[in-house]
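The tour goes stop by stop: select, look, move on.

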Amino acid sequence: MAEYESIHGTRVRYLTSDPTLDSSTEGQVWYNSTSGTNKALSQIKSWSSSGSLNTARKELAGAGTQTATLAFGGNSGPPSPASTVTEEYNGFSWSEQNDLNTGRRFLAGAGTTSAGLAFGGRLGPGSSTGETEEYNGTSWAEQNDLNTPRQMLSGCGIQTSALAFGGTTTASGATEEYDGTSWTTSPGSMNTARRYLAGVGIQTAALAFGGRTPSEPQMNNSEEYDGSSWTAGNTLNTARRYLAGAGIQTAASGFGGSTDAAGYQTATEEYDGVSWTNSSASLSTGRNLLSGSGTLYAGLAFGGNSGPPTTGVTEEYNSNINAFTTPSWASGGNLNTARLRGAGAGTQTAGLMFGGTSPSTNETGDTEEYNGSSWSEQNNLGEVRARLGGAGTQTAGLAFGGSSPGVSLEVDTEEYNGTSWSEGGDMSKGRYDVGGAGTQTAALAIGGFNNTASLTTTEEYGGTSWTSGGALNTARRLIAGAGIQTAALAMGGTPTSTANEGYNGTAWTNLTSKNTGAPSGAGGGTQTSAVCFIQNGNTEEWNGTGWTNNATMATARSYLSGCGTQPAGLGFGGYASGAKNNTEEYTGTDPTVTASTLTTS
């Protein structure tokens, strides 16, 4: 087999810390002697499909981030009138919200899902409006109108500091600033008046690009606004109209749209504050009259016109420079009490294990804390038990359910404060082999077993009491949980299952199945970035859309416990020819490492 040096002409660098990363170092490979891992730098650009809008439409507006976006207004196609429909995206699916007061199309938006802003648009045939509405996370309220009623405009900013520019039925360069109460016309008009354009940024640092004028059917011009005037920026590589964008003035993306010559566009371009470059990733569905939100590195495209028909297709864009670590397991300090069927909480360097079954005592209330190298004994649970659920952190843990001597279906809940355990509110339904996720004051109890059958039952803990949540689609026990109460993940379980479901605070949705169907030992992370390790030692990583098989644990075991995140997991205890005290630390793919400015000495 050829070695790295013979292929590339250089040896793998041996470093004590990771280099600062940007696109100029792409392709670099090194060995980190501190962590004992091989790493490589690679840039990933991709569009991936997600849940469609409930109401397919074009000419709509949006605001927010890739995992929390608001879509409002638009048109579902003739003979449909201008729409009032509002929907909210949680990273997986869209849900209906309270409608706009004034239905319209060709409008613009700004803000977030809890503080949105809708302005301008078309009410009827050729009828422009200056209507402005604010969204408070629940409903829309009328505000002061734009000074210049218009449609086909663009906007950016936040609810209390927004910018509106371009538009009208011909072409306008008019720019207005919103202060949370009223609009003020800026003395700085755009250099090129236009409509059907895209815009991103904030009120004092905006970017406008693309569009059309009465004489130009599609444009490649871009302009930057500094809070008082517009200056010309570099041009798009593909001139187009009816496009959308995401990001800020110095880090933006433009996507979709259409041209007279080539029709519906899939092309994506990235702007770095100086010039536009073509991305290697393209929309899977070419379309115009769509909307966008998010950042350059995590954008969202939704709705539009694709042929026709009008579409509700939603796609997520990711453009990151990532430092990839070769996933691996390494031995950590052993538990003081070997056991299985316990629960875990916390992180790799601040872990917590409680309960379980030990060879000497059967069910135990033993509690131990991990500091990144060794375990220390702490005050025991008030009630000894095994097969329980866990959530929270090392200083704010939560134990619930399980089985104890004489009680096969526990409802008892206990809260840990970093020193000792105290009683919390009882669960509504007793069960064991229950999965857990969330925090001490906002936890989830997921699935489990009731001596007869695996359950779909979900309960939510609010810090004092439990209430019923949405039912799992697949009944199971021994589930590995991850995430928070309003964005959780239920991974695998038994009967031998590859099921994977996401929870939005109300209901569970089936997501891409795991690769390996076996009872999950444990896991950790978030709804979009999780790790799951199971009884045969297999480890899988979840990136929000799919699973990757990675390193195998040194000691394969069943009924183990765990905690942590995707790049820093912790597995401990379990069973393999007897109760185990083994602890292993997982170093996985870090999904959060992105480029920063490269500095030289």
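A polar contact is a pair of N or O atoms within 3.5 Å; within protein, one atom must be able to donate a hydrogen and the other to accept it, and residues adjacent in sequence count only if both atoms are side-chain atoms. Keep that in mind for the side chains of threonine 132 and tryptophan 183, which are joined by a polar contact of 3.0 Å.

**Before you start**

This is a predicted model: local features need pLDDT of at least 70, side-chain atom pairs count only at pLDDT 80 or more, and totals for chains, interfaces and linings use all residues. Residues are numbered from 1 along each chain as its sequence is written, and side-chain values use heavy atoms, with hydrogens and water left out.

Colour by pLDDT, the predictor's confidence in each residue, from 0 to 100. The protein chain has a mean pLDDT of 90, and 91% of its residues reach 70 or more. Now select residues 593–601. There pLDDT stays under 50. The model has 17 contacts for this stretch beyond four places in sequence; contact means heavy atoms within 4.5 Å.

**Stop 1: threonine 132**

Select threonine 132, in strand β12 (residues 132–135). Strands (E, at least two residues) and helices (H or I, at least four) are DSSP runs, numbered from the N terminus. Is threonine 132 buried or exposed? Its relative accessibility is 0%, so threonine 132 counts as buried. The cut-offs are under 20% relative accessible area for buried, over 50% for exposed and partly exposed in between (1.4 Å probe, protein chains only).

Besides tryptophan 183, look at asparagine 144. Its backbone oxygen lies 3.2 Å from a polar atom of the threonine 132 side chain. Not counting residues up to four places away in sequence, threonine 132 touches a set including Arg104, Leu117, Phe119, Tyr178 and Trp183.

**Stop 2: glycine 73 and the strands around it**

Select glycine 73, in the loop between β5 and β6. At 0% relative accessibility, glycine 73 is buried. Beyond four places in sequence, its contacts include Arg57, Leu60, Val85, Arg104 and Leu107. For scale, draw a C-alpha to C-alpha line from glycine 73 to threonine 458: they are 35 Å apart in space and 385 residues apart in sequence.

Show β5 (residues 68–72) and β6 (residues 86–89). They run antiparallel, joined by 4 bridges. Two strands pair if DSSP finds at least two bridges between them. Find leucine 70, opposite glutamate 88 in β6.

Go on to β7 (residues 94–97). It is antiparallel to β6, again with 4 bridges. Glutamate 87 has glutamate 96 of β7 as its bridge partner. The hairpin of β6 and β7 has 4 residues between the strands, and glycine 91 takes a positive phi near 105 degrees there.

**Stop 3: glutamate 368**

Select glutamate 368, in strand β36 (residues 367–370). Glutamate 368 is buried, at 0% relative accessible area. What does its side chain reach at 3.0 Å? The backbone nitrogen of threonine 337. A polar contact of 3.0 Å also joins the side chains of glutamate 368 and arginine 339. Trp375, Met353 and Leu335 are among the contacts of glutamate 368 beyond four places in sequence.

**Stop 4: an open sheet, β38 to β41**

Four strands form this open sheet, in the order β38-β39-β40-β41, with antiparallel pairing. β38 (389–392) and β41 (421–423) are the edges; each has a single partner strand, so one side of each is left without a neighbour in the sheet. The twist averages 25 degrees from one strand to the next, taken between lines fitted to C-alpha atoms, with angles from 0 to 180 degrees between N-to-C directions. Zoom in on β40 (residues 413–416), joined to β41 by 3 bridges. There glutamate 415 has serine 422 as its bridge partner.

**Stop 5**

β46 and β47 share 5 bridges, and alanine 480 is the bridge partner of methionine 491 in β47.

Both residues belong to the largest nonpolar core, which has 12 residues, including Phe92, Trp542 and Trp547. Such a core is a set of buried Ala, Val, Leu, Ile, Met, Phe, Trp, Tyr and Cys residues joined through side-chain atoms within 4.5 Å. The largest share, 3 residues, comes from β51.
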